[in-house]
Structures are given as C-alpha cells and as structure tokens.
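Subject: Handing over a structure, with notes on what was found

Dear colleague,

I am passing this structure on to you, and I would be grateful if you could look through it with the notes below at hand. The sequence and the model come first, and the notes follow.

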Amino acid sequence: MFTLKTIAACASMLTIVPAALAQVPQFGLPIAPAEIAAWDISIGPNGAGLPPGRGTAIEGEAIYVAKCQVCHGEKGINPNVALAGALVGGMGTLASDKTPIKTVGSYWPYATTLFDYTRRAMPFQESKSLTADEVYAVSAYILNLNGIVGSNDVMDAQSLPKVRMPNQDGFIPFPRNPK
C-alpha cells in the first residue's frame, strides 16, 4: 500500500506542477509610460536626449558650492566624503608607471557622461533635484576646473557633446549591437 500511495502522489504532482508553472506570476503593477519616461533619461556620448538648457562655469560655481562641495570638497580636489571621490586633477596619472587618479578630467571619456551622472544621481541625498540649467552649469564648472573648457563657455545640448575630453581615446569602443 505504501508503494501505491507514493506512486499516486507522484502521479498527481506530475499533473499539478506543470499547470501551476504555466501560470504567470502576478508581481507588482503595470508601469505607465509616463512613469518610465521619468527615469528614461540616459544621455549617450553623442548627446542624444540632452534637454534644453544652458550654463557656464561662472554660474556653476555657486551651485557647486551650495550643493556639491559638502561631499566633493572645495574645487573638487579633496573630497570631504570618502566615497565621493575627487572630480578634479589626476592628469597624466593613467600611465603604467603611476598610481592612477581617476577624476572627471583624467579618466572620463565624454562630457555627456558628466551631465548624465550628475542629473540622475546628484546631489546624493536629493538625486534628480537639479534643473537642466543647474546641471549644465555644474558640468561646465567641473570641466573648467579640469582646464577643459573656459569659464565663459556655454554648455548646452549642442556644445556639451563637442567637448573633447583628455582621455576620450583611452577606451576601446564596444559595439552594443554587433551584427
């Protein structure tokens, strides 16, 4: 009898389990297109998707002091928070005989990456709180501190993708959609 019960139990499991697995799990709620759009803000190297706005390093200094300096330190050189990292300096340290200092100016390949990251993640405790004008201005300020753009150069959707970063050729391109 024990054997018949075991066989019957196994047989019933073989019919119940596939039916249960065929059902789609009902986790969460559907996401509305407007909710996705609020987070679909990636900016690539060519600047596609950059919003309207503008800013200069002169305008960006006050914003940096008010909203960035507490973590990244005065002029982005000596961070006050260990995880914040320096934003300025490190030029020429990516050589094999030196200790690399990876900053916006020494390491990042595209100025649009600076805009993208700042817009989506900064300030740390208030991510996505900066206006497009503020992000352009802070980006211009950080680029200016690294000697990449002038203090009066206007950063906007047309000029930012044209900024030539010092380490732009330091990366091997990776095709996202190889054919």
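The notes below go from the overall layout to the helices, the core, the aromatic pairs and the pockets.

Please keep in mind that this is a predicted model, in which local features need pLDDT of at least 70 and side-chain atom pairs count only at pLDDT 80 or more, whereas totals for chains, interfaces and linings use all residues. Residues are numbered from 1 along each chain as its sequence is written, and side-chain values use heavy atoms, with hydrogens and water left out.

Overall layout

The chain contains six helices and two strands, where helices (H or I, at least four residues) and strands (E, at least two) are DSSP runs numbered from the N terminus. Read from the N terminus on, the order of the elements is α-α-β-α-α-α-α-β. The chain has 179 residues, of which 30% count as buried; buried means under 20% relative accessible area, exposed means over 50%, and partly exposed lies in between, with a 1.4 Å probe and protein chains only. Among the contacts (heavy atoms within 4.5 Å) with a separation of 6 or more, 58% are between residues 24 or more positions apart.

Helix 5

Eight of the eleven residues of helix 5 are buried, so this helix is largely enclosed by the rest of the structure. The buried residues are A111, T112, L114, F115, D116, T118, R119 and A121, and the buried residues of helix 5 pack against helix 6.

D116 is buried, with a relative accessible area of 14%, and, leaving out residues up to four places away in sequence, D116 touches I41, S42 and I43. R119 and S42 are 77 residues apart in sequence, while their C-alpha atoms are 9.5 Å apart in space.

The nonpolar core

A nonpolar core is here a set of buried Ala, Val, Leu, Ile, Met, Phe, Trp, Tyr and Cys residues joined through side-chain atoms within 4.5 Å. The largest one has 26 residues, and those with the most contacts inside it are V104, F115, L143, M155, L160 and V163. Helix 3, helix 5 (111–121) and helix 6 each supply at least two residues of this core, and the largest share, eight residues, comes from helix 6.

Not counting residues up to four places away in sequence, L143 touches V104, A111, L114, I148, V149, M155, L160, V163 and M165. V163, which lies in the segment after strand 2 (155–156), is buried, with a relative accessible area of 11%. V163 and L143 are 20 residues apart in sequence and 9.2 Å apart in space, C-alpha to C-alpha.

Aromatic pairs

The structure holds four aromatic pairs, counted where rings of Phe, Tyr and Trp (its six-membered ring) have centres within 6.5 Å, with planes under 30 degrees apart called stacked, over 60 edge-to-face and the rest tilted. One of them is the tilted pair of Y64 and Y141, at 5.3 Å centre to centre and with 45° between the planes. This pair links distant parts of the chain, since Y64 is in helix 3 (residues 57–67) and Y141 is in helix 6 (residues 132–145), 77 residues apart. Both Y64 and Y141 are buried. The rings of W108 and Y117 have centres 6.4 Å apart and planes at 90°, so this pair is edge-to-face, and Y117 is partly exposed, with a relative accessible area of 41%.

Volumes are the space filled by probe spheres set on the points, which are joined across faces, edges and corners.

The largest pocket holds about 520 Å³ of space. Of the 26 residues that line it, the closest to its centre are C71, H72, A84, M122 and F124. By class, its lining has 18 nonpolar, five polar and three charged residues, where Ala, Val, Leu, Ile, Met, Phe, Trp, Tyr, Cys and Pro count as nonpolar, Asp, Glu, Lys and Arg as charged, and the others, Gly among them, as polar. The second largest pocket holds about 380 Å³, and its lining divides into eight nonpolar, three polar and one charged residue.

With best wishes

Methods: On a 1 Å grid over the protein atoms alone, a cavity is a set of points where a 1.4 Å probe fits but cannot get out, and a pocket is an open set with protein on both sides within 12 Å along at least five of seven lines; lining residues have an atom within 4 Å of a point.
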